[in-house]
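Please walk through this structure with attention to its side-chain contacts.

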Amino acid sequence: MAGYINSDHLRLFILSLSILITLSAFFYLLGRRHSAIKTPHPPSSSLFRNLTGFLLNRLRHRCHDWPPDTLTTNPSLTLQATGFLGFSHRIRTADPANLDHILLTNFPNYIKNTCYTTAMQELLGTGVLSSNSNLWSSHRRIATHELISKSFITFVSHTIQSQILKSLIPHLLKAGNNAVDLHQVLKRFTFDNMCNIVFGFNPCLLTSNSVGSKYHSFVQAFDTAVELISNRFMSPLPVVWRLKRYFNIGNERKFKQAIETVNRFVMDIIESKELQFNGHSCITNDDLLSRYIVSSSGLGFEGEERRNYLRDVIINFIFAGKDLTSTALTWFFWILDGHPHCKHKIRKEIAMLMNQSDHIDHQPNLTFDELKSLHYLHAALSESMRLFPPIPMISRFTLDDDMLPDGTYVERGWFVDCSVYAMGRMKRIWGSDCDEFRPERWLDGNGVYKSFDPFKYPVFSGGYRMCLGKEMAYLQMKSVVVAVMHRFEIEVVGGGGSPEKMVDPPVSMSTVLSMKNGLRVRLKKRQQDDIDAPRVKDKGVMIAFFGVFLVWLSFYKHKQYKLIGVTN
Ligand code: HEM
């Protein structure tokens, strides 16, 4: 009996294997035909090369280096890759002209990747980040209107500054000589900050011991959901997580629980906010939820439907703003530790600003315009994100056959990946010093910040779906850097991102380019003398000049008198 079952299994196995090989050969040949006939530039990598390349790099935690490595050795800046069994085709490009085409010129043909939207569905619903076509354009129109209003920018600026003074600085001061994980601190700070901006209240995750509170459960559930979504993306075969979701097992079970916690928390907040507004249409709160409650009253849906809409809006904003600025800042502080001359220049710029304005009380509470004047800092932050873009890849799905500007043929149903990480590290785009951290490349001859084309620097994406929070992100990052660098000397435990260390950076594998094992730093409070040093130094130089001038003048006069004396 046992032998009979075994031979049956064997037959089934052989049959499956032959189907697999036949399908594989069929799709491989199909892929070759396409590349030979219609795709002059990018060579199509075989199934074997793709899968092994992916797995090897995954094992070595070098997933993000894989695209630049392969693209650098390619004659064009575009590659074609065939997915498992040839079922999917991918174009991976780092060509600015292609990005312009995909994100702007032929925008309607390249929608948000269906794999992305499906993997994100439970968390993001149908919000701005995961929707397409009409739904997206309606979200985008409303969001743009809300985010660019002057009252909102003032509210955001005030919220950031007050949270820095009330929670970030006291928290860092408390650390004393102990090493702290700056990434965790910044993560909690930006989460508090986003909740404040989006909901209008501060969960105080940074300062209070909130373990066990509903806020803490919410944050944990949110983080778990995001992490498990990353795992979905990293899975070489999407069918694996889909099956787990279907059977509600393993990580997918955890994911479901996390989503339930997030939804319960957000819905409670929406309901209590709605109660506040009931019968009080004159309430003028500046947070985003309040603004959306007011603006959505004319959209024609009520009750549960409206609450679901608000839930999607809120979650999308928190998701978009929660981790990216803290991640960008973590890399920035790491690099700065290995580039003392840049650190010095930033300090000098901050000190000059403090000197010019009335911030001599050392409680910098800078305005939006004052922060804008920090050109070198802006350049250094942009440069750091060029090398470590918080979102390393922008993916799209092709609706119709098309030809990219570099001659690459893209067929309907193919995926197109724009490798932001690769683009920041390509000699052909940034020149031979592309691996160096050099903020000066962002400054013109007068030291004024000059931006680059978004398709050459797609860190905030470009075209119609460009990031809506770019200004807010710079505001947040600059405010934090000024407050922290003005008060503390930061020393990275084990050394920061020196040019040597930047060759093999501690990148962790996830959809956001975060730092492996966080960033442990020691903070030393700066002495008043250190803070005043640049000012004193500048004054010292002026006094010295004046002194030399006086000596020269008296010497010159003395000589003249002598001459006069001689001629007389
Ligand atoms: C350093 C910080 C940030 C970076 C690097 C960044 C980057 C990006 C990128 C690359 C995209 C395009 C994603 C895609 O199309 O696949 C995007 C979209 C978006 N970002 Fe940001 N972002 C940052 C901070 C923020 C903040 C603070 C907010 C505020 C809420 C925000 C709101 C959004 C929104 C709403 C979108 C969707 C735009 C659309 O699809 O129309 N971002 N961001």
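**Cysteines, charges and rings**

Cys467 has a relative accessibility of 34%, so this residue counts as partly exposed. The model is a predicted one. How many disulfides does a search of the whole structure find? The search finds zero. Cys342, for one, is in no disulfide, and the nearest cysteine sulfur belongs to Cys434, 17 Å away. A disulfide requires the two sulfur atoms to lie within 2.5 Å, so a cut-off of that kind settles such cases.

Next come the charged side chains. Side chains of opposite charge can pair when their charged atoms come close. The structure holds 21 salt bridges. One of them joins Arg232 to Glu122, at 3.2 Å from N to O. Distant parts of the chain are linked by this pair: Arg232 belongs to helix α9 (residues 214-234), Glu122 to helix α5 (residues 114-124), and 110 residues separate them. Is Arg232 buried or exposed? Arg232 is buried, because its relative accessible area is 3%. Glu122 is partly exposed, at 24% relative accessibility.

Glu122 also meets the side chain of Arg245 in a salt bridge, with 3.1 Å from N to O. This pair too links distant parts of the chain, from Arg245 in helix α10 to Glu122 in helix α5, 123 residues apart. Arg245 counts as partly exposed, with 33% relative accessibility. Glu122 therefore has a salt bridge to Arg232 and a salt bridge to Arg245, with the cut-off for each being a nitrogen within 4 Å of a carboxyl oxygen.

A salt bridge can also stay inside one helix. Arg307 and Glu304 form one at 3.7 Å, N to O. Both residues lie in helix α13 (residues 303-322), three residues apart, which is about one turn of the helix. Elsewhere, salt bridges join into a network made of Glu383, Arg386, Asp433, Arg438 and Arg441.

Arg386 leads on to the rings. This network member lies over the face of Trp430, 5.2 Å from the ring centre. Which other charged end sits over the ring of Trp430? That of Lys456, at 4.6 Å from the centre. Trp430 itself is buried, with 7% relative accessibility.

A pair of aromatic rings is described by the distance of the centres and the angle of the planes. The structure has 27 aromatic pairs. Among them is the edge-to-face pair of Trp430 and Phe452, with 5.0 Å between centres and 80° between planes. Trp430 is in helix α19 (residues 427-430) and Phe452 in the loop between α19 and α20 (470-487), so the pair ties together parts that are 22 residues apart in sequence. Phe452 is partly exposed, at 21% relative accessible area. Other rings gather in one aromatic cluster: Phe191, Phe199, Phe201, Tyr215, Phe218, Phe222 and Phe265.

Val239, Val240, Leu243, Tyr246, Phe247 and Ile249 make a nonpolar patch of about 630 Å². Where is Ile249 found? Ile249 sits in the loop between α10 (238-247) and α11 (250-277). Its relative accessibility is 43%, so Ile249 counts as partly exposed.

Note on methods:
Residues numbered from 1 in each chain as written. Predicted model: local features only at pLDDT ≥ 70, side-chain atom pairs only at ≥ 80, totals over all residues. Heavy atoms only, no water. Patch = residues over 30% accessible without salt bridge, like charges linked within 9 Å, V, L, I, M, F, W, Y side chains within 5 Å. Areas by Shrake-Rupley, 256 points an atom, 1.4 Å probe, with all protein chains shown as cover. Helix = DSSP H or I, 4+ residues; strand = E, 2+ residues; numbered from the N terminus. Buried < 20%, exposed > 50% of the residue type's maximum accessible area, 1.4 Å probe, protein only. Phe/Tyr/Trp six-rings, centres within 6.5 Å; stacked < 30°, edge-to-face > 60°. Lys NZ or Arg CZ within 6 Å of the ring centre and 35° of its normal.
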